[in-house]
Amino acid sequence: MESRKLQMTGGSSYIVTLPKEWIESSNLKKNDTVYLETGTDGSLIINSKGDGTPGSKDKRHIDVTDDMDTDLVYRLLVGAYMAGYDTIELTSKTDMDPSISNAAEDFTQTSIGFEILEEDGRCIVIKDLMDPAEMRPRKSLERMRILVKNMISEVLAAMRNCTTAPDLDKRDKDIDRLDWLIARQNHIFQSRPALYRKIGISPEEMTDYYIVSRVIERIGDHSVTLNQNLDAVNDLEALRSMASIIEGMGIVALFNESIETLLAKDAIAANACITRCRSALDGIIKLHAIGTGLEAGAAVAVSMMSSNVKRILEYSIDIAEIAINSAMD
């Protein structure tokens with residue numbers, strides 16, 4: 001870190017010199033314009049570029065080779081998206097396999113704001129058409145909460161009827177989309193502090209939302225797994241007993257409450273939520289007991305479902321603990 005002393009010029013204006021190395025590396029010269037952004041923490045960022053981009057990095061190039069796995073291509077696209085790039089360009093020295101185009105299409109279907117603008121046999125250009133500050137992270141988190149809350153409730157309803165809940169995969173994909181967006185915003189906002197003021201949150205809140213969105217995404221995954229194991233049990237009495245125990249544990253209400261305590265920054269309510277979650281964990285033993293006497297496949301499914309419920313409660317505790325930390329900021 002370098003220090004500079006403020007100087008006064010003209011009797012009313014303050015000036016400070018800039019490091020010569022930064023001027024040269026930024027290719028700046030006399031009379032060029034620089035751009036200033038103030039952070040909520042009192043920082044001042046001087047940027048040599050003011051292209052109007054709402055916070056994204058310019059372009060990420062991905063070189064596609066003939067033997068590149070399409071799963072890797074998809075993951076690289078996701079990584080570039082979360083890193084905050086405005087444009088992603090896939091190029092190849094030879095004609096791309098159609099699977100690469102399919103991977104790019106799948107990516108745009110899951111990401112929020114990205115569309116394929118150009119495509120030929122050897123190049124695919126994908127661009128962000130959305131201002132990252134248009135969608136408030138808090139609203140995204142609230143939407144994720146509703147989606148997961150409904151998923152768990154639908155699985156319990158299916159459990160009582162000895163069936164499976166439909167469309168959970170679609171809801172889970174919607175949760176992934178919102179989780180990716182929050183991760184992207186977190187990266188972009190770190191380099192553009194002015195955006196924190198634009199959306200009305202602090203850097204600490206953005207970090208909390210980012211961490212919690214990952215937790216909610218995992219709870220959504222456990223809800224999907226819980227649903228997938230229902231068919232393996234195929235015992236109406238056992239499933240209804242499990243539904244009764246899980247409902248008595250109150251996992252839907254406890255998950256929902258953990259998010260509410262975070263958004264309200266209520267440390268007292270968050271602590272009470274943690275206490276109730278830990279008490280609810282006692283019901284896991286009862287869930288495991290239901291598998292006793294069932295055939296092997298069903299018993300394994302009951303054990304896995306019990307673990308899913310346990311993880312949902314433990315993740316709810318994690319969220320409530322973050323709520324307490326957030327309340328202390």
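Which residues gather in a patch of negative charge on the surface? That's where I'd like to start today, and just so everyone knows, we're looking at a predicted model.

Okay, the residues are Glu105, Asp106, Glu115, Glu118, Glu119 and Asp120. Two elements give two or more residues each to this negative patch: helix H3, which runs 98–110, and strand E7, at 114–120. E7 supplies the largest share, with 4 residues. From the helix side, let's pick out Glu105, which sits in H3. Glu105 has a relative accessibility of 37%, so we call it partly exposed.

Next, a surface patch of the nonpolar kind. Here we have Leu6, Met8, Tyr14 and Val16, and together they present about 450 Å² of accessible area. Leu6 lies in the segment before strand E1, and that strand covers 7–9.

Last topic, the cysteines. How many disulfides does the structure hold? The count is 0. Take Cys277, which is in no disulfide: its nearest cysteine sulfur belongs to Cys273 and is 4.1 Å away.

Okay, that's my tour. Back to the structure if anyone wants to look at a residue together.

Notes: Residues numbered from 1 in each chain as written. Predicted model: local features only at pLDDT ≥ 70, side-chain atom pairs only at ≥ 80, totals over all residues. Heavy atoms only, no water. Disulfide = S-S within 2.5 Å. Patch = residues over 30% accessible without salt bridge, like charges linked within 9 Å, V, L, I, M, F, W, Y side chains within 5 Å. Areas by Shrake-Rupley, 256 points an atom, 1.4 Å probe, with all protein chains shown as cover. Salt bridge = Lys/Arg side-chain N within 4 Å of Asp/Glu carboxyl O. Lys, Arg positive; Asp, Glu negative; His and termini not counted. Charge placed at Lys NZ, Arg CZ, Asp CG, Glu CD. Buried < 20%, exposed > 50% of the residue type's maximum accessible area, 1.4 Å probe, protein only.
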